[in-house]
Amino acid sequence: MATDIKSIENRETIALSGRPISLVRLADVLGLPKVNPLIEESGFIQLLVLGAGDRRIVLGVDEVLNEQEVLVKGL
């Protein structure tokens with residue numbers, strides 16, 4: 001929920017498994033104009049969690065169309 005967003009060192013964060021994770025808006029990363037507010041009328045936010053190893057980042061997105069877990073293995 002929107003109330004779960006906290007500010008740490010002037011950066012938006014959200015707790016995931018008890019750890020603060022940086023929250024960035026995908027539109028900002030891609031340089032797109034903000035069309036819709038990130039927070040819906042219900043107070044919920046659509047989030048996408050990306051991770052590699054023990055590193056994580058949370059992206060705020062307009063809409064989640066599908067969910068998929070991907071494992072990348074070296075040759």
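Colleague: Where does threonine 13 sit in this chain?
Modeller: In this predicted model, threonine 13 has its place in strand S2, which covers residues 11-16.

Colleague: And is that threonine buried or exposed?
Modeller: Threonine 13 counts as buried because its relative accessibility is 8%, and buried here means under 20%.

Colleague: What does threonine 13 touch, then, if we skip its neighbours within four places in sequence?
Modeller: With those neighbours set aside, threonine 13 is in contact with Asp4, Ile5, Lys6 and Ile8, and also with Pro20, Ile21, Ser22 and Leu23.

Colleague: Which residues form the largest nonpolar core?
Modeller: The largest nonpolar core is made of six residues, namely Ile5, Ile14, Ile21, Leu23, Ile45 and Val58.

Colleague: Let's step back a bit. How many helices and strands does the chain have?
Modeller: There are five strands and one helix in the chain, and if you read along the sequence they follow the pattern β-β-β-α-β-β.

Colleague: What share of the residues is buried overall?
Modeller: Of the 75 residues in the chain, 16% are buried. As for the surface, the chain exposes about 6,500 Å², and carbon and sulfur atoms supply 52% of that area.

Colleague: What about contacts between residues 24 or more positions apart?
Modeller: If you take the contacts in the chain with a separation of 6 or more, residues 24 or more positions apart account for 38% of them.

Colleague: New topic: how many salt bridges does a search of the whole structure find?
Modeller: The search finds one salt bridge, and it is formed by arginine 25 with glutamate 12, whose closest N and O atoms are 3.1 Å apart. Arginine 25 lies in strand S3 (residues 19-25) and glutamate 12 in strand S2, so this pair ties together parts that are 13 residues apart in sequence.

Colleague: How do arginine 25 and glutamate 12 count in terms of accessibility?
Modeller: Arginine 25 counts as partly exposed because its relative accessibility is 25%, and glutamate 12 is partly exposed as well, with a relative accessible area of 29%.

Colleague: Strand S2 keeps coming up, so what about arginine 11, buried or exposed?
Modeller: Arginine 11, which is also found in strand S2, counts as exposed because its relative accessibility is 55%. Arginine 11 and leucine 23 are 12 residues apart in sequence, and their C-alpha atoms are 7.7 Å apart in space.

Colleague: Which residues form the nonpolar patch on the surface?
Modeller: That patch is formed by Val29, Leu30 and Leu32, which together have about 300 Å² of accessible area. Valine 29 lies in helix H1, residues 26-30, and valine 29 counts as exposed because its relative accessibility is 54%.

Terms used
Residues numbered from 1 in each chain as written. Predicted model: local features only at pLDDT ≥ 70, side-chain atom pairs only at ≥ 80, totals over all residues. Heavy atoms only, no water. Helix = DSSP H or I, 4+ residues; strand = E, 2+ residues; numbered from the N terminus. Buried < 20%, exposed > 50% of the residue type's maximum accessible area, 1.4 Å probe, protein only. Contact = heavy atoms within 4.5 Å. Areas by Shrake-Rupley, 256 points an atom, 1.4 Å probe, with all protein chains shown as cover. Patch = residues over 30% accessible without salt bridge, like charges linked within 9 Å, V, L, I, M, F, W, Y side chains within 5 Å. Salt bridge = Lys/Arg side-chain N within 4 Å of Asp/Glu carboxyl O. Core = buried A, V, L, I, M, F, W, Y, C linked by side-chain atoms within 4.5 Å.
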